[in-house]
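Here is a short report on a pocket, a ligand and a salt bridge. Keep the model open while you read.

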Amino acid sequence: MRTIGVLVMALGACALATACSPVTEAPAESAAAPAAAPPAPKLTDAEKQAILASLPAPYNTGNLANGKTQFALCQSCHTITEGGPNRTGPNLHGVFGRTAGTHEGFKYSDAVKAAGFKWDAEKLDAWLADPRGFLPGNRMSFVGIKDPQKRIDLIAYLKVETGFQPAK
Ligand code: HEC
């Protein structure tokens with residue numbers, strides 16, 4: 001039963017990510033590997049919950065499934081996977097704690113380059129509520145998300161999916 005659970009979680013993690021990097025390295029001594037050890041999923045549900053809990057309130061209450069739904073508004077312009085390409089907007093992997101306007105290889109507007117802060121839940125919330133009003137002169141052509149709960153859910157999803165790793 002445990003094996004099935006882990007597999008289902010692995011598939012779930014895979015379905016959540018926009019791109020699943022296949023783990024291709026074969027274990028050197030597969031004969032010695034315990035039978036019930038499939039390739040580790042990117043994040044277990046417990047790890048996701050730990051990451052979620054690391055957010056300040058109310059973001060730690062975000063609904064990850066709804067956050068994924070909200071991310072559909074962003075994904076034409078943004079990837080979130082590690083090493084993902086820049087599209088119209090920059091790759092958002094590791095965006096939490098990243099200084100605004102500093103992702104490699106992306107040409108930002110002066111407005112974002114001059115922002116001078118690191119992205120956190122509150123900053124993202126203000127940005128996503130009203131991108132134009134928060135950093136006037138920026139080039140993100142996105143009207144914003146009016147519903148605070150949708151932003152909370154999206155921020156929770158981004159925190160979990162953009163590569164934050166809880167301390168072991
Ligand atoms: C139409 C394309 C488009 C859409 C849709 C869009 N963005 Fe953006 N985003 C951009 C562009 C372009 C920039 C860079 C803006 C600039 O330099 O002025 C940007 C910048 C950002 C930044 C700042 C990144 C950094 O490195 O400082 C974040 C965070 C962000 N977007 C999140 C989102 C989220 C979350 C959504 C979905 C709710 C979204 N964006 C929707 C195009 C888009």
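How do the residues of the lining of the largest pocket divide into nonpolar, polar and charged? The lining holds 19 nonpolar, 9 polar and 2 charged residues. Here Ala, Val, Leu, Ile, Met, Phe, Trp, Tyr, Cys and Pro count as nonpolar, Asp, Glu, Lys and Arg as charged, and the others, Gly among them, as polar.

## Basis

This is a predicted model: local features need pLDDT of at least 70, side-chain atom pairs count only at pLDDT 80 or more, and totals for chains, interfaces and linings use all residues. Residues are numbered from 1 along each chain as its sequence is written, and side-chain values use heavy atoms, with hydrogens and water left out.

## The largest pocket

The volume of the largest pocket is about 560 Å³. A pocket is an open set of points, on a 1 Å grid over the protein atoms alone, where a 1.4 Å probe fits, with protein on both sides within 12 Å along at least five of seven lines. The volume is the space filled by probe spheres set on the points, which are joined across faces, edges and corners.

The lining counts 30 residues, each with an atom within 4 Å of a point. H78, G89, P90, W127 and M140 lie nearest the pocket centre. Two helices, α5 (121-129) and α7 (148-161), each supply at least two lining residues. The largest share, 3 residues, comes from α5. Helices are DSSP runs (H or I, at least four residues), numbered from the N terminus.

## The ligand

The ligand sits in the largest pocket; that is, more than half of its atoms lie within 2 Å of the pocket's grid points. Around the ligand are 27 residues, each with a heavy atom within 4 Å of it. C74, C77, H78, S109 and M140 come nearest. This shell divides into 18 nonpolar, 7 polar and 2 charged residues. Again α5 gives the largest share, 3 residues.

A polar side-chain atom of H78 is 2.8 Å from a ligand nitrogen. An N or O atom in the R98 side chain is 3.0 Å from a ligand oxygen. R139 uses its backbone: an N or O atom there lies 2.6 Å from an oxygen of the ligand.

## Salt bridges

The structure holds 2 salt bridges (a side-chain nitrogen of Lys or Arg within 4 Å of a carboxyl oxygen of Asp or Glu). One of them joins K113 and D110, at 3.6 Å from N to O. Both residues lie in helix α4 (residues 110-113), 3 residues apart, about one turn of the helix. Side chains of opposite charge can pair when their charged atoms come close.

Methods: A polar contact is a pair of N or O atoms within 3.5 Å; within protein, one must be able to donate a hydrogen and the other to accept it, and residues adjacent in sequence count only if both atoms are side-chain atoms.
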